[in-house]
Number of protein chains: 2
Amino acid sequence: MSFDILQEKISRLRSPICVGLDPTDALIPQELLDAAISRHGFSEKALSAAYLQFCKAIIASTADIVPAVKIQSAYFERLGPAGVSAMKAIGDEAKAAGMYVICDAKRGDIGPTSAAYAEALLGSVKLGGVTTAPYSFDSATVNPYLGTDCLKPFLEVAVREDKTIFVLVKTSNPSSGELQDLELSGGELVYEKMGRLIEDFAAETAGAAGFTRAGAVIGATYPEVLAKMRRQMPKTFFLVPGVGAQGATASDVAAAFRGAGSGTASGAIINSSRGIIGAWKTAPGGDWKDAVRAAARELTEQLRAAVFI
Amino acid sequence: MSFDILQEKISRLRSPICVGLDPTDALIPQELLDAAISRHGFSEKALSAAYLQFCKAIIASTADIVPAVKIQSAYFERLGPAGVSAMKAIGDEAKAAGMYVICDAKRGDIGPTSAAYAEALLGSVKLGGVTTAPYSFDSATVNPYLGTDCLKPFLEVAVREDKTIFVLVKTSNPSSGELQDLELSGGELVYEKMGRLIEDFAAETAGAAGFTRAGAVIGATYPEVLAKMRRQMPKTFFLVPGVGAQGATASDVAAAFRGAGSGTASGAIINSSRGIIGAWKTAPGGDWKDAVRAAARELTEQLRAAVFI
């Protein structure tokens, strides 16, 4: 599904939100952990089962009000093969619930190896007589340190399979500037240069709404950067992490959208992970799933007020 | 195991080689594919079983003459959870055979997420009452686009678990220069800046032989870069891909070593993947494993002549 489809989902729900599925033991309700451990013992399998139940419940609690999820691959890989199986099942579940599924894997390698990653995450793999699809994600995040050799196989698979990618441009973490903010000899900054490279590189893949198949990750923690990059990358869809636990607010991210305040803003999706999936930890009593849904709804309301008016 | 241990293995075998385990269907002897498919049908499981048998045979054929392997994660992830299980088993097998095991995963993320990757690849994971180790790699490759937030958790786990990392500095692919060769406003190039950052960042972790626990990936395809970076990064161990199928020769990489030509050269390991594991395809008849061993031996001889004299 192209970014046109993601934009349709966002516009229909009036919710430009992506729920970040970044499970850790501390974020999972004790009842789910206990049930998994009593079934599988203390093991990677038990944790993987608990992560799966947790994420399935979050999908069920938010799929009618939120258009997308972002699955953080690291927390599943941390549990070995059992965790990777759970990640696959969660992707399938979110897709079946009608959500746009982004795998936050930040992969990148030389050409043939990047092609293997792209096939794994977004495509299908031909094995002798059969074609299998290890995962069923709509999009994946990609790291551009190796240049376009690394991005090209991802874009090719995205075009062939009707998928998309998000390339890291300016990340939300405190040390992102150590490389990304360096000033080049011509005066441009590294992330500006990378933004321009990505906008140009994918230009021919633009869909009906004008967005190419190569989006960009630009952190919410640098609002002035969002505004500047929105101007410099008019055809690029933005994935914006950093709202909530990392400190950015709904009004910080309005600048990520085309036509913010117009009622028909477009071109960005805002990720919140701990702020939504961990909301039950700060809400007193009640069903934990209600607290998660309430947090997704609250962020949606804040973004409606800041972005769509 | 620190780089002191890797250097001991290299010096003892007089072989500064790393066998790159980058399996693809085309590189696997038909007999192994047929056996796996007749057992598991056309499936990810069959391919994973064939990759496992292939890599185990390569380890058995080279462990007494080569000190290290580099496992390319992408080709295993491409086969989903079954492939990831095979990768784990291959890592265990190489370790049991006495080899230094590098996982080429090129991971990198914001702090807490990088910590999850580091624990997965190099460390152990605490799950309720038990501690498990999903993999058992000695080292992993890391992408520095997000800055030191991303590298720090990897270095911490490496110090705690007596492991190492290799950070991408100048990669071997044709488009590596699009970002890595950009000139900064002070005149330095991006990869020089990253090299300096990594040399300084890990300075306190230097072992007896003077190498820190944060190595650098510097491609063999740019020999003049190898020589320059060897001078600028005296405490950093180099992982050098690009020999063989990517076009670089043994004499191209001599500059990667400290004291090349002295008989006691140190500080680098040269990776060859297709040139070794695919050698049987161009050798007529005979046991495919003999062709693989002969190719590893030939590259060793070439490097002895170019590096150790």
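What should the 21 residues of helix α12 (residues 288–308) of chain A span at 1.5 Å a residue, and how far apart are its end C-alpha atoms? Here are a few notes to go with the structure.

1. First, the ground rules. This is a predicted model, where local features need pLDDT of at least 70, side-chain atom pairs count only at pLDDT 80 or more, and totals for chains, interfaces and linings use all residues. Residues are numbered from 1 along each chain as its sequence is written, while chains are lettered from A and ligands numbered from 1 in the order in which they are written.

2. Helix α12 of chain A should span 30 Å, and its end C-alpha atoms lie 29 Å apart, which agrees. The expected span is 1.5 Å times one less than the number of residues; helices are DSSP runs of H or I with at least four residues, strands are runs of E with at least two, and both are numbered from the N terminus.

3. Among the buried residues of α12(A) are W288(A), R293(A), L299(A) and F308(A). Buried means that 20 or more other C-beta atoms, placed from the backbone, lie within 10 Å of the residue's own. Their cover includes β1 (17–21), α3 (44–62), β10 (268–272) and α11 (274–277) of chain A.

4. α3(A) is itself mostly covered, with 15 of its 19 residues buried.

Conventions: A residue is buried if 20 or more other C-beta atoms lie within 10 Å of its own, exposed if 12 or fewer, and partly exposed in between; C-beta atoms are placed from the backbone. Two residues are in contact if their C-beta atoms, placed from the backbone, lie within 7 Å.
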